[in-house]
Amino acid sequence: MSDTAELIIEGKSYPLPVKVGTENEKAIDISSLRAKSGYVTLDSGYKNTGATTSAITFLDGEDGILHYRGYPIEQLAEKSNFLEVSYLLIYGELPTETQLKSFSDQISQHSQLPAGLEKILAGFPTTAHPMGILSALVSSLTAFYPESVEPNQTEEQIELNIIRLIAQIATLSTWVYNHGKGQPLNQPQEGLDYYTNFLHMMFSAPGQAYEVNPVVVDALNKLLILHADHEQNCSTSTVRLVGSSHASLYSSISAGINALWGPLHGGANQEVIEMLEAIKADGGNSQKWLEKAKDKNDPFRLMGFGHRVYKNFDPRAKIIKAACDNILNNLGVKDQALTIAKELEQAALQDPYFVERKLYPNVDFYSGIIYKAIGLPSQMFTVMFAMGRMPGWIAQWKELRLNKEPIGRPRQIYIGKTKRDYSPVADRA
Ligand code: SDX
């Protein structure tokens, strides 16, 4: 295979270097194109455009492959835990026992939120969407940790901000939840591991200890691992773009939380469960709703279906679907939403509209059924996605900054009015 591609424009040849990744992905490097030819490329939604080279996560959309730092997601979901996967994504290797203990201990030490943050939280109406509060509180960490705003921080300062974020996103998520319910805020407890502490802060009544169900901890672990990173998706690209201006880690992550909130992205997990509830309330006629999803005149889409990259199946959806039955049976939960979800998937897989467009369940299609069984309201589902994605966002932000990547600034093709002169308002029709 040639290491050069040739572009011919107006009869002139422009040789462009070809880049090949370690998993044989190929790209044409167009970084010199505009200087040489005056042309830019156009690719709305960046469907064919690579923004960077990265060593963190590999996806193969045709074969439904997802690797974190080379490790298959199936193995990590089965055998690892979220803190270990967080370490892997951020530092590049699975930790030794000593490294993992030190990482976990540091996270425990920093899980308390800064004094005064509860006053900012108290200012939000209890009806506010948790994602809006979460992004605001993460951004407010720049006020409590002002050194995090320095563009030229030392490695140690960057590491401290990373530890704080992994630790405090769990506490923040539970505070956002309890604020919405008008319930007291729980503090992290010494001696509890990350998952138990999260569940304690989320669900403990004042003064009572939360009785941990290992099935819930296992489900939480699996879901957080499966959401931990996904290469250059919308919210991660947002974190990288904001980080490329040398904005702080907290500001970059806050922007990523807002991008994730969108119903076409992470917000879909809330939309899916609300869609399944609507179908249940409407009598459970899956075929009727599939027809609606296919109708171009109907704005309804089958939420949790389709993916920009996966054109076969989303390996995460397969794992979550398999976990659904196990977790609901263990928790003794019967949920018609799961039955409806399976019927929709079965019908869609035989329907030419979905097959031709390669639309399959994505990570959001079944995840909400588990979050609901754990006891979370649908507005908290995307907060759980953000908590899971935190190590991935951090790893991608850190990679961009350590690689000293340039500030992101895409070009455009202008299609507006050409030059014209100003006219005084009295002369305008
Ligand atoms: C996530 O990028 C990532 O990695 C994201 C993510 C991660 O981990 O970060 O995986 C997480 O965001 C998963 C996606 C969650 N979103 C949803 O479930 C929302 C429903 N899905 C879609 O809106 C859509 O499928 C997207 C947004 C996921 C992908 O959109 P694309 O790639 O821009 O595809 P498209 O909108 O151009 O659709 C292609 C065709 C269109 O039909 P035609 O115009 O060709 O006739 O497929 C149709 C679309 O109308 N289509 C759907 C559909 N999704 C696409 N039709 C009905 N229902 C759907 N869900």
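Before I start: buried means under 20% relative accessible area, exposed means over 50%, and partly exposed lies in between, with a 1.4 Å probe and protein chains only. The model is predicted, so I keep to its limits: local features need pLDDT of at least 70, side-chain atom pairs count only at pLDDT 80 or more, and totals for chains, interfaces and linings use all residues. Residues are numbered from 1 along each chain as its sequence is written, and side-chain values use heavy atoms, with hydrogens and water left out.

**Entry 1: aromatic rings**

At 14% relative accessibility, Tyr353 counts as buried. Phe354 has 2% relative accessibility, so Phe354 is buried too.

Next I needed the rule for ring pairs. Rings of Phe, Tyr and Trp (its six-membered ring) pair if their centres lie within 6.5 Å; planes under 30 degrees apart count as stacked, over 60 as edge-to-face and the rest as tilted. By this rule I get 13 aromatic pairs. I picked Tyr87 and Phe103: their ring centres are 5.4 Å apart and their planes stand at 85°, so I noted the pair as edge-to-face. This pair links distant parts of the chain, since Tyr87 sits in helix α3 (residues 82-91) and Phe103 in helix α4 (residues 97-109), 16 residues apart. Tyr87 and Phe103 are both buried. Then I went back to Tyr353 and Phe354, which form an edge-to-face pair with 5.0 Å centre to centre and 70° between the planes. Ring pairs also link Phe305, Tyr353, Phe354, Phe365 and Tyr366 into a cluster.

**Entry 2**

Helices (H or I, at least four residues) and strands (E, at least two) are DSSP runs, numbered from the N terminus. Two strands pair if DSSP finds at least two bridges between them.

I found 3 strands in an open sheet, ordered β1-β2-β3, with antiparallel pairing. I checked Thr4, and its bridge partner in β2 is Pro17.

**Entry 2: the β4-β5-β6 sheet**

Here I found another open sheet of 3 strands, in the order β4-β5-β6, with antiparallel pairing. The edges are β4 and β6 (71-72), each with a single partner strand, so one side of each has no neighbour in the sheet. β4 (residues 57-60) and β5 (residues 65-68) pair over 4 bridges. Which residue in β5 is the bridge partner of Phe58? I found His67 in that place, and Thr57 stands opposite Tyr68 in β5. β4 and β5 form a hairpin with 4 residues between them, and Gly64 in the turn has a positive phi of about 60°.

**Entry 3: a loop glycine**

Last, I looked up Gly207, in the loop between α8 (194-203) and α9 (214-226). Is Gly207 buried or exposed? Its relative accessibility is 89%, so Gly207 counts as exposed. The C-alpha atoms of Gly207 and Asn186 are separated by 9.2 Å, and these residues are 21 apart along the chain.
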